[in-house]
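Here are some friendly notes to read alongside the model. Take them one at a time, and look up each residue as you go.

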Amino acid sequence: MSDTALHATAGTDRAPRPRFWHDLSFWGLLPSRLLMGFALILPIFIIAAVSLATRGAHGGFAWDFNLAGYRQILFNEGWTGELEFTPQYLLIITRTFALAGATTLICLVFAVPVAYFISRQPPGRKAVLVYLVTLPFWVSMILRVYAWMIILGKDGTLPRLLETLGFPAGMSFMFNDGATLTAMVYTAMPLMVLPVFASIEKLDGTLIEASHDLYGNRWVTLRRVILPLTAPGIVAGAILVFVPALGAVLEPTLMGGGKQMMMGSLIQLQFGGGRNWPFGAAIAMALMALVMIFLIFTALRAARREALP
Amino acid sequence: MKKYLAATALALCFSTAAQAEGQLNIYAWAESISPALIEKFSKENDVKVNVDSFTSNEDLLTKLQAGSSGYDIATPSQHFLRVMIDQDLIENFGASKLKAYENIEEKWRNQWWDETQDYSIPLAYGTAGFVVNTEQYKGPTDSFKYFFEPEGELKGKIALLSYPDEVIGAAQLYLGVPFCSEDQAEMKKVLDLLMAQKPSVAAYSSDNIASRLASGEVSAHFWWDGDSLRARKAGSPVSLAMTKEGLVGWMDSYVVPKGAPNRDNAVKFIEFMSTLENATEQMNFYSHSSPMKVVQEKVVNTKDTAPELYPEVPITFSRTCSAAAQDLVTRVWTQLLQ
């Protein structure tokens, strides 16, 4: 509290402001603050510290600070023994972003019509449909991915179906980017449908009618009325899908056959077989920095939109 | 509100009290220790045994390095056991003075990974190489050439593990490069070999190997001897290739992580598993070779019924690499999958 504020209240008869520990909301919020502090913020500081530490010979690290972990993202010893620019990690980072972006886009394309459809149902059926969308969350993620392996793999559901339709026998759709993307879209879909549904539901139907009254055709109505009003839900869904997709390990390994590394598997390799914890932590920090940039960018755009009349 | 808090506090007290009696927390390879023996031990000693499993030595090492794992027994392979001793991650539990030590076959005592044999008692050993589905592939398998430089029907039907550890070792055996080489030029040759093989590879995965191979999703998979034996006995048309360049060897041992909360029970369990009778039962369950003395008449997997476990080609055990050599391995693997 500033001095002027103190003077302003000094003359009045008000009781002294209670100490913060007399305040019920302090105690009420304490568990969540502790949870945030110890489970989210502290680990990030530990990772940041490890990324600056010196690696141990067989994993682990020593508190001896340097930037080797970060340097390694761009520059490494080549096969001739000289330090050279190595684009391999940038390639992995780019691939990861492309995969996460594709996942988000496909989810969006499917989620908007689904959410719109659900929001236009009578209340009872709506509840059932929303429940059905959340149903996959009741099953462990690894099982959901395995289910796709059974569907797409050799002698799986889809190849058998195609076989009965006259396609050649013994087909397999596993171990390629399409298989990875299928599983990723499937696991992420509810995270997109639910926020989009929430914002479409709040959409005032009379506004759509008004748009039609003003000779707006379907496309114009979608672009000028529905999309701007549901944008918060779409942005929330996109973030919920995109950010976890950046760290995906399971789908690329199991469905894609692990033939191309993603950032998740690269980080895992550094902490495991690579035994280079500081480098693994440095990549994790880089990933987080990129995510932060993405989030700040979206937040700024949202703020600018709010500011518009 | 207070009532609920009191009830929760009470419940917490009870749950910790219930845990205070004899416990043993084991961290072992998935499905590696006979559940029947664990139950027997649990009943005889009134100890509650919890078993968690890991799927790679790297996972185990990372967990122990992170500290206070809460495990009383772990089962690393030889080259990781050495690291754990050097890094002071496991207890000296005086293994060489136990009865279990007397039951180790003489030739497996006091190896380079634990010269004094104070930190470990071995539990199983075996090899890693490539296994083929004999219905899909009928060609020769007497060399790693057919696996690393596949032609014809094996193209696109090959799978490796998701970790470099034994795979790089096998490539080194094929090329005649020593394990843990620090020579860049030599390791570049390993990378070139794996890069040339990559277009023929369907997957780099350590999960689900049995079904991938049995279903014919792939025709050749990098795998372990005992697993191949188990799959064959379960009716899968698989066969372990006896490659003339040799096979990659491994040996897993019981160790006690530093700060194990139930150290006495851990030692008791190791003694229990190492008696002639129990070592035999364990060997029959795990289907890998046993470095312990066993009751020969009761051994199920004999030379006639399980040739996988009795290779006549040389076996080279994985070594503990220096940081420089390990970096080269990681570099090969990252460039391969970049």
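**Notes on the model**

1. Let us begin with one residue. A:Ser172 sits in the loop between helix H7 (157-164) and H8 of chain A; helices (H or I, at least four residues) and strands (E, at least two) are DSSP runs numbered from the N terminus. Which residues does A:Ser172 touch, leaving out those up to four places away in sequence? They are A:Gly153, A:Lys154, A:Pro159 and, from the other chain, B:Glu217, where a contact means C-beta atoms, placed from the backbone, within 7 Å. A:Arg160 is 12 residues apart from A:Ser172 along the chain, and their C-alpha atoms are separated by 9.9 Å.

2. A word on how to read all this. The model is predicted: local features need pLDDT of at least 70, side-chain atom pairs count only at pLDDT 80 or more, and totals for chains, interfaces and linings use all residues. Residues are numbered from 1 along each chain as its sequence is written, while chains are lettered from A and ligands numbered from 1 in the order in which they are written.

3. How confident is the predictor? The model scores ipTM 0.80 and pTM 0.84. The average pLDDT (the predictor's confidence in each residue, from 0 to 100) is 86 for chain A, with 94% of the residues scoring at least 70. Chain B averages 91, with 94% of the residues at 70 or above. Please treat residues 9-20 of chain B with care: their pLDDT is below 50, and beyond near neighbours in sequence they have zero contacts in the model. In chain A, residues 1-11 stay under 50 and have two contacts beyond four places in sequence.

4. Now follow helix H10 (residues 218-246) of chain A. Its 29 residues have end C-alpha atoms only 35 Å apart, short of the 42 Å that a straight helix would reach at 1.5 Å a residue (the expected span is 1.5 Å times one less than the number of residues). Where is the kink in H10(A)? A bend of about 55° lies at A:Ala231, shortly before the proline A:Pro232; the bend is the angle between axes fitted to the seven residues ending there and the seven starting there. The buried residues of H10(A) include A:Gly233, A:Val241 and A:Ala245. Those buried residues pack against helix H4 (88-119), H8, helix H12 (263-271) and helix H13 (277-307) of chain A.

5. The chains also meet each other. In total, 28 residues of chain A are in contact with 31 residues of chain B. On the side of chain A that touches chain B, H4(A) gives the most, with three residues.

6. Finally, look at chain B, which is divided into domain 1 (22-125 + 250-306) and domain 2 (126-249 + 309-337), with bounds from an automatic or database domain assignment. The contact between them takes 20 residues from domain 1 and 16 residues from domain 2. H4(B) gives the most to the domain 1 side, with four residues. The centres of the two domains, taken over C-alpha atoms, are 26 Å apart.

Definitions and conventions. A residue is buried if 20 or more other C-beta atoms lie within 10 Å of its own, exposed if 12 or fewer, and partly exposed in between; C-beta atoms are placed from the backbone.
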